[in-house]
Every structure is written in C-alpha cells, then in structure tokens.
Amino acid sequence: SLDKRLDLCRVMGYLKTPAGTEIFRQGEVGTNFYVILQGSVNVLIKDTAGGEGCNVVATLYGGDSFGELALLQEGNQRAASITTRDASEFLTIGRDDYNMILRSVNEIQITDKVTFMCELPLFKNVPYATVQSVAYVLTVRDYPRNAVVVRQGTECEDLFFVESGSVKLVREVEDRGLLRLNGVLALGPGAL
C-alpha cells in the first residue's frame, strides 16, 4: 500500500561499501534488513565438514534483498555471511522498523518458498533449517512467454526451479553427423 511505502521511505538508511566488505557474519545477531541498490554480494555458509572456509551458496544483485531471516525473532542469528563482490550501495532498515512495516509480508514470502521447496523431490530429505536457509536466498523471477532465460554456451551461476508455467529446453547441435552415428534418424524425434 502507499502508506507502507511512505513509512519505508521515512525509516530507510543508506550504506555504500567497497568490494570485499563483510556486511555481516554467520552467527551474528541480526539488526538490519538490506536491499541492494547497486552492486552484488556473495552469500556464504560455513563449511559443514569442519573446515575453516566458507562456501558461496548464492550471489545476489541489484533489486535483491537479504537479512530478513534473522530479524523474524529477537536474538535470531544470521544463517549466512554476506560479502560484497564489488562496490555496492544498499538501503537498510533496522529491526524495529522492519518488524513494524515489513515482517508479515516477508514471513509469508519465506513460508511460501519453504513450502514450495519441501514439495520438490530434491529437498525431500533435507533438514527444515537448511531448506529455510536456502529459501532465504531464493529470488522469485517472472519471465514473459518465449523469453530466453539462459543461452547455450554462456556461463550461468544460477539454479532455476519452475514454480508455475512451463519451460522449453532447446539445445543447438553443431555436429549433425554425430547425431546420425548415435541413431538419431532423419524421420524421428530430433530429426534434422
């Protein structure tokens, strides 16, 4: 609603950081919610094998947000660390303002993502806390009909789940002779 938008404008802060800045560390108590205006960040989770390192589990870009999971309850700890990949700019919202204005909206979004993921065979035996952490970094994207999501031959750092609609997978074959050698006939599926 317009009132919520105006309330948000009144309470938002601004943060500008250089590349390589740690915004927060996994295990810290959460105090702010962040919206990326410009730049990108890595989402890192500690190595569960007992190592000292962290694994990059997601990259977030302009328009994405993070930090809400730790704000849902007083004293909640950060489920991941966030580090800037390049010079970045953020809008920030403190815990009290977040809870007053956005909490109910974001709780519903996180719950919807967790419910969707729990229905996927891939996450059937994954602990709930892990699914919730993954849901935290999922971004919902809408694509128009016939949009190219990923082009063959380009690097892709994302993993896509189709929540609704359908997707058509098209692969260009450069060596048609190889298809014939492998039994793809001229009159069958994938005919040349």
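A salt bridge is a side-chain nitrogen of Lys or Arg within 4 Å of a carboxyl oxygen of Asp or Glu. Keep that in mind as you open this predicted model, since the structure holds 3 salt bridges to visit.

**Stop 1: helix 1**

Select D7 and R10. Their side chains meet in a salt bridge, with N and O 2.9 Å apart. Both residues belong to helix 1 (residues 2-11), and because they are 3 residues apart there, about one helical turn separates them. Color them by accessibility and you will find D7 partly exposed, with a relative accessible area of 31%, while R10 counts as exposed at 61%.

**Stop 2: E22 and R25**

Next, select E22 and R25. Here is another salt bridge between side chains, at 3.0 Å from N to O. E22 is partly exposed, with a relative accessible area of 37%, and R25 counts as partly exposed at 45%.

**Stop 3: the loop between helix 4 and helix 5**

Now move along to R141 and D158, where the closest N and O atoms of a salt bridge are 3.5 Å apart. Both partners sit in the loop between helix 4 and helix 5, 17 residues apart. R141 is partly exposed, at 38% relative accessible area, and D158 counts as partly exposed too, at 34%.

Stay in this loop and pick N146, which lies between helix 4 and helix 5 as well. What is the phi of N146 near? The value is near 70 degrees, which is positive in a residue other than glycine. As background, most residues other than glycine have a negative phi. N146 is exposed, with a relative accessible area of 72%.

**Stop 4: a nonpolar patch**

Select Y143, V149, V150 and F160 together and show the surface. These residues form a nonpolar patch with about 320 Å² of accessible area together. V150 is found in the loop between helix 4 (128-137) and helix 5 (176-181).

**Stop 5: the largest pocket**

The largest pocket has a volume of about 2000 Å³. Which of its 47 lining residues are closest to its centre? They are Y143, V149, F160, F161 and V162; Y143, V149 and F160 are also among the residues of the patch from the previous stop. Strand 5 (54-61), helix 3 (103-118) and helix 4 each supply at least two residues of this lining. Color the lining by type and you will find 24 nonpolar, 10 polar and 13 charged residues.

**Stop 6: the second largest pocket**

The second largest pocket has a volume of about 360 Å³. Select F33, S65, E68, N106 and Q109, which lie nearest its centre among the 21 residues of the lining. Strand 3 (32-38), helix 3 and helix 4 are the elements that give two or more residues to this lining. The largest share, 5 residues, comes from helix 3. By type, the lining divides into 13 nonpolar, 5 polar and 3 charged residues.

**Last stop: S88**

Finish with S88, in strand 8 (residues 88-94). Is S88 buried or exposed? S88 counts as buried, at 1% relative accessibility.

Note on methods:
Residues are numbered from 1 along each chain as its sequence is written. This is a predicted model: local features need pLDDT of at least 70, side-chain atom pairs count only at pLDDT 80 or more; totals for chains, interfaces and linings use all residues. Side-chain values use heavy atoms; hydrogens and water are left out. Patches are made of residues with over 30% relative accessible area and no salt bridge: like charges are joined within 9 Å, nonpolar side chains (Val, Leu, Ile, Met, Phe, Trp, Tyr) within 5 Å. Accessible areas come from the Shrake-Rupley method with a 1.4 Å probe; for residues, only the protein chains shown count as cover. Helices (H or I, at least four residues) and strands (E, at least two) are DSSP runs, numbered from the N terminus. On a 1 Å grid over the protein atoms alone, a cavity is a set of points where a 1.4 Å probe fits but cannot get out, and a pocket is an open set with protein on both sides within 12 Å along at least five of seven lines; lining residues have an atom within 4 Å of a point. Grid points are joined across faces, edges and corners, and a volume is the space filled by probe spheres set on the points. Ala, Val, Leu, Ile, Met, Phe, Trp, Tyr, Cys and Pro count as nonpolar, Asp, Glu, Lys and Arg as charged, and the others, Gly among them, as polar. Buried means under 20% relative accessible area, exposed over 50%, partly exposed in between (1.4 Å probe, protein chains only).
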